[in-house]
Amino acid sequence: MTIAFMRPKLGFAKCTCKYTFSMATRKGAATRLRIVEAAAAEIRERGANATTLDDVGRRSGTGKGQMFHYFPEGREQLLLAVAVHEADRVFEGQQPYLNELTSRAAWEAWRDLIVEQYRDQGLYCPLGVLISDVGRYSPASQAVAAQLVRRWQECVRAGIEATQAAGEADPELDADRTAAAVIGAIQGGVTVLLSTGSTEHLEAGLNLCLDHLLL
C-alpha cells in the first residue's frame, strides 16, 4: 500500500517540471515586488517610523504570513528591500539622459529632467525616501544609499570626461571632484525641497555647477 501510494506522487512531480517552477517563481517575484512597492508608498506618505507591517499588508493585499515568507527577518529586511527599490528608481529615472552627458545641450536636458521630476514628485520622491527615512534606518540601508551615490557619481564623472573630450567643458577641472559637487548639489537641493516644498535651491545648485563646468 505504501509503494502504490508513493508512485503517483513521484509521477506527478515529474509532470510539473520547469513550467510549474517558473510560474511559481514569477508569481512569487510579483508578490514580493507588490509588497516592496506598497511599503515604499507607505513610507513616502507616512515616514519609516510610522509605517507598520499592517499598513503594508493592507496596501499590498497580503497577509503577514506572506510578508514573512518573503521577508523572514521582518521589518528591517523589508526596509532594506525598499532602499534597494528606491535607489534603482532614482538611477533609472534619469535614463537615457544620464548616460548621454556629452554636450551642453545634453547636460541642460538632464538638469531639466531632474528639476521637473523632483518638482512633480515633491515630498514623495525616491531620493527623499533614501535621504530622510530608509537610508538612515540601518547600516545596510546606508550602504545601499552609499552605493547609489558612488554609481551616480561615476556616471556623472564619465559625462564630464566625455564633455571635456568634446571641447565643451573646462579641461582643467578634476572630473571626479566636480561630479561629487554635482551629486552634492542635487542631494542638498532635495533635502531643502523636503523641508520647504521648493525646488529653488536644487535649480540654483545645478545651474551653478553647470556654469562652472561648461564652456
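The structure is a predicted model, in which local features need pLDDT of at least 70 and side-chain atom pairs count only at pLDDT 80 or more, while totals for chains, interfaces and linings use all residues. Residues are numbered from 1 along each chain as its sequence is written, and side-chain values use heavy atoms, with hydrogens and water left out. The secondary structure of the chain comes to nine helices and zero strands, where helices (H or I, at least four residues) and strands (E, at least two) are DSSP runs numbered from the N terminus.

**Overall fold**

- Read along the sequence, the pattern of the chain is α-α-α-α-α-α-α-α-α.
- Of the 215 residues of the chain, 41% count as buried, a word that here means under 20% relative accessible area, with exposed meaning over 50% and partly exposed lying in between (1.4 Å probe, protein chains only).
- The chain exposes about 12000 Å², and carbon and sulfur atoms supply 55% of that area; accessible areas come from the Shrake-Rupley method with a 1.4 Å probe, and for residues only the protein chains shown count as cover.
- Among the contacts in the chain with a separation of 6 or more, residues 24 or more positions apart account for 70%, a contact being heavy atoms within 4.5 Å.

**Nonpolar cores**

- In soluble globular proteins, nonpolar side chains tend to be buried together.
- A nonpolar core is taken here as a set of buried Ala, Val, Leu, Ile, Met, Phe, Trp, Tyr and Cys residues joined through side-chain atoms within 4.5 Å.
- The largest nonpolar core has 36 residues, and those with the most contacts inside it are Trp-107, Trp-110, Tyr-118, Trp-152, Val-156 and Ile-186.
- The elements that give two or more residues to this core are H4, H5, helix H6 (126-132), helix H7 (139-165), helix H8 (175-196) and helix H9 (200-213), and the largest share, eight residues, comes from H8.
- Not counting residues up to four places away in sequence, Val-156 touches Leu-98, Trp-107, Trp-110, Ala-179, Val-182 and Ile-183.
- A second, separate core of 16 residues includes Ile-43, Leu-53, Leu-79 and Val-129.

**Salt bridges**

- Side chains of opposite charge can pair when their charged atoms come close.
- The count comes to 12 salt bridges, each being a side-chain nitrogen of Lys or Arg within 4 Å of a carboxyl oxygen of Asp or Glu.
- The side chains of Arg-59 and Glu-42 meet in a salt bridge at 3.1 Å, N to O; because Arg-59 lies in helix H2 (residues 53-60) and Glu-42 in helix H1 (residues 2-46), the pair ties together parts that are 17 residues apart in sequence.
- Arg-59 is partly exposed, with a relative accessible area of 39%, whereas Glu-42 is buried at 9%.
- Arg-46 forms a salt bridge with Asp-55, with the closest N and O atoms 3.0 Å apart; Arg-46 is partly exposed at 43% relative accessible area, while Asp-55 is buried at 7%.
- Arg-89 and Glu-86 also form a salt bridge, with their closest N and O atoms 3.4 Å apart, and the two are separated by about one helical turn because they are three residues apart in helix H4.
- Arg-89 is partly exposed at 30% relative accessible area, whereas Glu-86 is buried at 0%.
- Salt bridges that share partners join Glu-42, Glu-45, Arg-46, Asp-55, Arg-58 and Arg-59 into one network.

- Gln-117 is found in helix H5 (residues 104-121) and counts as buried at 19% relative accessibility.
- Leaving aside its neighbours within four places in sequence, Gln-117 is in contact with Gly-93 and Gln-94.
- Cys-155 counts as buried at 17% relative accessibility, and Cys-209 counts as buried at 15%.
- The count of disulfides comes to zero, a disulfide being a pair of cysteine sulfur atoms within 2.5 Å.
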